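Have a look at the structure first, then read on.

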Protein chains: 2
Amino acid sequence: MPDVTLSRREAKDLTRRRLLGSALRILDTEGEAGLSTGNVCRSAGIAQSTFYVHFRNMQDLLEALGEEAARQVGPVIREARQRSSDEPRSAERLRAAFRVPLEKMCAHPEFFRLSVRARFDRATPLGEAARRRAAATRAHLVEDLVAAGLPADTPERALRLEMVADGVTSMTEAMAIGHLDGRYPDIEECVDVLVAFFAGVRAQLLGDQPASGQG
Amino acid sequence: MPDVTLSRREAKDLTRRRLLGSALRILDTEGEAGLSTGNVCRSAGIAQSTFYVHFRNMQDLLEALGEEAARQVGPVIREARQRSSDEPRSAERLRAAFRVPLEKMCAHPEFFRLSVRARFDRATPLGEAARRRAAATRAHLVEDLVAAGLPADTPERALRLEMVADGVTSMTEAMAIGHLDGRYPDIEECVDVLVAFFAGVRAQLLGDQPASGQG
DNA sequence: CTTTTCGCCGATAGTACTATCACCGAATAA
DNA sequence: TTATTCGGTGATAGTACTATCGGCGAAAAG
């Protein structure tokens, strides 16, 4: 059980959180350009060199930030999908399953853009980590699609489902970016389009397999 | 002997093309990390400082490279779509309309990744230019979708079509990345998924009436 | 022809940030 | 208590690249 006074471990953890928080705040306000070790540490009220007590470099911090974000929003998104699966006739729950990810992406625009960009970076550990997280996210979506009744009973269909999950994710990101850019001001219209795309491919996938009752 | 003397204009243009070519070759071989003014100029056989005779900076060169790529592949892609529109019953022509963009994206992987990343960069002129090109590409796709019979007769439907074009593009990019990453080795399967997604949303748009009900 | 223009060159100042080092002092262990 | 650990600090060397400058010589202009 933790003591009331700050142990070394607790104090260090607190400083680390301050650094992560400062980095996210700087992303939200100054953008990616403001992300220098000096700037982050100044914003956190500690010395620049202390940065290296907690992280190997800035990319290491960003990797940790991404992990934490995934740990926080991942379950929320999956729960929204679960609720839709629990009540397949509810249009609103289906919409929520698409709306929740959109809103999470839009919560920290610069961090979202940075995360997406990182995935296209083949050269750095940050890119590697971003792709690993994306793969995990995709796997979760595949699981949820299977739970929703989509077929993955053959290797071909499993891969197909993976591609569908990939497509759904990339389209959700595209809608989020369009919304953030001001091109799609109404987020409900973004949800409309996502639901329409998904309904189409869902019908295709279900029609693909032997009839197993009503759809 | 042939007159090898080039006019100033011709010589300068040749040097510029050499620089552009070297940059693309370096992207294909060494990747983005090799893209320094010195490296590009060495590869082109000219002095590093000469770089600035032709471009303001590296981003300026990349912007020019993007413009040239768009000028070259844009018409090819549009022609594939046109051929599909000309014969709407041909499944193969529809597939080609999705396959051609995929192949063009995969022709220069690193340049492709760089271009996509640039779009998510809010801070630099290169990002600005990349988004402008993406908007033009989207507008062309909207035109082609209208030519293929999709409705854009109201502002709402026009925006909806814009979102669909956005979604189709982002999904095509996702399939290209998946293919380049080795996750989707068979490009025909990528085409399958794109066609399936598109068929679904196409049916929705054609069957949809003014009041888009929730669901 | 003379003069001007300008594409190319070699050399280098500038740049702002990263990452390391030795050290301090409080928490912890003995 | 004494000894040890370790999170935090100030100072600074390192870094590799960018972008500019004056000069040269051939093309273009007059």
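## Where the chains meet

Chain B puts 33 residues into the contact and chain A puts in 32 residues, with two residues in contact if their C-beta atoms, placed from the backbone, lie within 7 Å. On the side of chain B that touches chain A, α6 (109-119), α8 (155-180) and α9 (187-207) of chain B each bring at least two residues. The largest share, eleven residues, is from α8(B). Helices here are DSSP runs (H or I, at least four residues), numbered from the N terminus.

Sorted by class, that side of chain B has 16 nonpolar, nine polar and eight charged residues. Ala, Val, Leu, Ile, Met, Phe, Trp, Tyr, Cys and Pro count as nonpolar, Asp, Glu, Lys and Arg as charged, and the others, Gly among them, as polar.

This is a predicted model: local features need pLDDT of at least 70, side-chain atom pairs count only at pLDDT 80 or more, and totals for chains, interfaces and linings use all residues. Residues are numbered from 1 along each chain as its sequence is written, while chains are lettered from A and ligands numbered from 1 in the order in which they are written.

## How the copies are related

## Around the DNA

Of the 20 residues around DNA strand D, the nearest are A:Thr15, A:Ser49, B:Ser7, B:Ser49 and B:Asn57 (near means a C-beta atom, placed from the backbone, within 6 Å). α1(A) gives the most to this surface, four residues.
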